[in-house]
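Good morning, and thank you for coming. Please look at the sequence and the model on the screen.

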Amino acid sequence: MNLKKDNIIKHIKKIRKEIGHADSEINIQKLIFNEKNKELWIITPDRPDKSVVIGKGGWVVGRLKEETNLNNIHVESYSDFLLKEYRMNLSLESIKSFIKENSLNNPTNKSKNNSTDNSTNNPPENLFIKPMQNLKFLLEEKIENIFSFNIENYFVELANESKKINGNNENNNNDNNNEKNGNNDNNQYKAIVALSGGVDSGFSLILAKKLGFNPLAITIDPGTIILPRQFKDNIEKLCSDIHVDHKYISIDYSEVIKNSLNGRYHPCGRCSSMTEATIFDYAVDNDISIVIFGDMLSTGSQCITKHVITTKNNKNNTNNKNYENNPKEIYRLNLPATISIGKQEIKNTVSKYNLEEIKGFGCPLLYETHKKYPYLRKFSIQRILRETRSGALEPGEALDLIWSFYRL
């Protein structure tokens with residue numbers, strides 16, 4: 001079949017008529033065809049136009065795929081991507097500014113060829129320039145191919161490109177050998193990844209590894225009421241599969257647990273703050289300047305933020321150093337938010353590692369809090385709605401999460 005816009009519109013009209021759908025105007029802004037994979041993207045101006053092309057229950061686009069003998073057809077609305085593109089451009093400017101600032105502070109980083117030089121004479125900041133450049137390259141590629149970009153294919157193509165340049169090496173693979181995004185400079189950690197066992201932080205660890213951060217994964221362990229065994233199983237399996245070092249840090253959350261179960265407050269905000277503080281303390285003590293989180297909301301210019309540490313943040317930490325005379329700088333990098341990735345693509349990336357699927361939020365403390373004090377559910381719902389508004393969650397995914405609160 002001739003994959004031209006007019007022909008596709010006629011074909012969609014024909015299918016809609018045959019299956020008894022109303023005769024609607026078909027608006028298609030552009031078509032993108034990947035001949036190698038026999039994959040077609042249909043870009044419509046807005047969501048209502050997308051619905052017309054998909055049809056009820058996906059019936060129209062399903063028939064179109066069968067009758068055109070294509071492997072996949074994706075229908076996207078241009079309006080959905082306008083905001084994502086804008087946010088990614090803001091993220092790109094933030095990443096460029098970060099690289100420039102740290103390259104100026106470390107003259108050896110000024111050229112790409114020098115960015116993997118991690119000799120002991122260079123300051124620690126020298127370590128993360130190359131991975132941050134790799135993140136910049138990924139963002140540029142995604143912005144350039146915003147409708148058809150696939151993160152897994154991106155790294156496969158990089159690996160193939162590297163093999164052509166460097167020759168076929170039996171040790172090359174997606175996770176152990178990141179080729180252009182090399183991950184083997186002196187085995188020094190260039191970042192910490194806060195790993196909770198959920199898909200967002202799991203995705204962040206996978207991406208950090210592929211970008212060349214040689215990350216250290218850290219999990220805060222307050223006990224099974226917040227970190228149940230299935231989360232630990234996922235954490236340990238993922239770290240083993242992608243060959244990342246991992247560390248648990250035990251911490252006393254008894255006050256948060258008690259007050260949440262007594263209905264005084266929703267646990268997530270305080271839990272998140274204590275987790276960040278503890279990991280920042282560890283980063284300062286171990287001269288690691290970047291801490292990566294799986295946050296999907298801190299998009300655009302807030303994707304990477306600087307935190308100046310003058311004293312220990314966490315009262316649970318007995319090593320009460322004072323940094324007032326020599327403040328330490330820690331950068332928080334929110335990887336999923338940086339590249340404006342959606343929840344479904346995150347799940348698709350993590351699914352290849354066969355981790356146990358955890359329904360809903362997965363935290364037993366949150367479950368008990370919701371069950372005992374229904375009025376506290378609104379704070380969880382607010383979070384879901386913010387992620388939906390940002391485009392990180394599709395409305396259907398958000399509805400499933402909200403509905404799960406009412407099946408307790």
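Predicted model: local features only at pLDDT ≥ 70, side-chain atom pairs only at ≥ 80, totals over all residues.

Residues are numbered from 1 along each chain as its sequence is written, and side-chain values use heavy atoms, with hydrogens and water left out.

Let us begin with helix α1, residues 5-18; helices are DSSP runs of H or I, at least four residues, numbered from the N terminus. Which residues of α1 are buried? They are I8, I9, H11, I12, I15 and R16, where buried means under 20% relative accessible area and exposed over 50%, with a 1.4 Å probe and protein chains only. Seen down the axis of α1, these buried residues fall within an arc of 165 degrees (taken from the directions from the helix axis to the C-beta atoms), so they line one face of the helix. An α-helix has 3.6 residues a turn, so residues three or four places apart point the same way. Exposed D6, K10 and K17 are on the face of α1 turned away from its buried side.

Now the rings. Rings of Phe, Tyr and Trp (its six-membered ring) pair if their centres lie within 6.5 Å; planes under 30 degrees apart are stacked, over 60 edge-to-face, and the rest tilted. There are eight aromatic pairs by this rule. In one of them, F149 and Y154 have ring centres 5.7 Å apart and planes at 45 degrees, so the pair is tilted. Y154 also pairs edge-to-face with F155, at 5.1 Å between centres and 80 degrees between planes. Both Y154 and F155 are buried.

Definitions and conventions:
Helix = DSSP H or I, 4+ residues; strand = E, 2+ residues; numbered from the N terminus. Expected span 1.5 Å × (residues − 1).
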